[in-house]
Amino acid sequence: MGNSIKKTKTIFEWNESLSVGVAVLDDDHKMFFEMAEQLNEIVLSKSSEPYVTDSIIIMLEEYIEVHFCREEDALLKTDRECYEEHKRLHDAFRRRFRQIVKSYQTGDLTALQQSPILVANWINDHIKKVDLQYKQIILNKNIDNRPLGVLVGIQENG
Ligand SMILES: [Fe+2]
């Protein structure tokens with residue numbers, strides 16, 4: 001990626017108004033904005049090696065999956081009704097992102113070019129309208145607080 005990466009942010013950044021009151025979940029959310037930003041820089045630079053794009057897409061997909069599971073597990077323990085509805089919304093985005101990855105893998109670059117903004121917009125909107133509702137429900141003690149990278153490994157190994 002080197003020096004060609006612009007330092008100015010091109011899409012949303014996390015801010016305090018998006019805090020759900022659990023540091024680990026806030027960190028996950030910050031990471032999504034970061035990854036969307038990275039992907040956007042790659043898309044805009046048009047000069048990245050395919051493997052760089054492949055890596056960030058795969059990482060983003062894994063992070064989406066594991067972060068969603070982290071929230072869903074916590075909701076399952078605390079508020080079953082919230083869990084059902086929240087999972088439905090997560091599943092819709094899982095399908096949507098899977099579709100983007102599929103399109104990219106079959107050579108359709110349009111889906112990829114639109115994905116950073118789509119991801120950032122979706123997360124921003126989802127946190128504000130949905131995640132913030134669990135602010136008083138999910139507490140630190142309900143959370144599997146291991147780093148996402150560790151949880152990705154655990155999921156992959158069954
Ligand atoms: Fe969520």
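## A residue to start from

D91 is found in helix α3; helices here (H or I, at least four residues) and strands (E, at least two) are DSSP runs, numbered from the N terminus. With 12 C-beta neighbours inside 10 Å, D91 counts as exposed. On that scale a residue is buried if 20 or more other C-beta atoms lie within 10 Å of its own, exposed if 12 or fewer, and partly exposed in between, with C-beta atoms placed from the backbone. Along the chain D91 and E65 are 26 residues apart, and their C-alpha atoms are separated by 9.4 Å.

## The model and its confidence

This is a predicted model, in which local features need pLDDT of at least 70 and side-chain atom pairs count only at pLDDT 80 or more, while totals for chains, interfaces and linings use all residues. Residues are numbered from 1 along each chain as its sequence is written.

The mean pLDDT (the predictor's confidence in each residue, from 0 to 100) is 87 for the protein chain, and 87% of the residues score at least 70. Confidence is highest in helix α3 (residues 80-105), at a mean of 94, and lowest in helix α5 (residues 148-156), at 67.

## Overall build

The protein chain has five helices and zero strands, so do read it as α-α-α-α-α from the N terminus on. Of its 158 residues, 23% count as buried. Two residues are in contact if their C-beta atoms, placed from the backbone, lie within 7 Å. Among contacts between residues at least 6 apart in sequence, 74% join residues at least 24 apart.

## Helices α2 and α3

Let's look at this pair. The 29 residues of α2 should span 42 Å at 1.5 Å a residue, and its end C-alpha atoms are 42 Å apart, which agrees. For α3, the 26 residues should span 38 Å, and the end C-alpha atoms are 36 Å apart, which also agrees. The expected span is 1.5 Å times one less than the number of residues. After α3 comes G107, whose phi is positive, near 95°.

α2 and α3 pack at an angle of about 170°, with their axes 10 Å apart; axes are lines fitted to C-alpha atoms, for helices over the stretch in contact, and angles run from 0 to 180 degrees between N-to-C directions. That makes α2 roughly antiparallel to α3, a label for angles over 145 degrees. The contact includes I57, E61, I64, E65 and F68 of α2 and H86, K87, H90, R94 and F97 of α3. Among the buried residues of α2 are I57, I64, H67, R70 and E71.

## Nonpolar cores

In soluble globular proteins, nonpolar side chains tend to be buried together. A nonpolar core is a set of buried Ala, Val, Leu, Ile, Met, Phe, Trp, Tyr and Cys residues joined through C-beta atoms within 7 Å. Of the 14 residues in the largest one, F32, M35, A36, L39, I56, L60 and I123 touch the most other members. The elements giving two or more residues to this core are α1 (23-45), α2 (50-78) and α4 (109-129), and α1 gives the most, with six residues. Leaving aside neighbours within four places in sequence, L60 is in contact with M35 and L39. Apart from this core lies another, of seven residues, among them V20, V22, L25 and I138.

L139 lies in the loop between α4 and α5. With 13 C-beta neighbours inside 10 Å, L139 counts as partly exposed. L139 and V22 are 117 residues apart in sequence, yet their C-alpha atoms are 6.3 Å apart in space.

Key
Angles under 35 degrees count as roughly parallel, over 145 as roughly antiparallel, 65 to 115 as roughly perpendicular and the rest as oblique.
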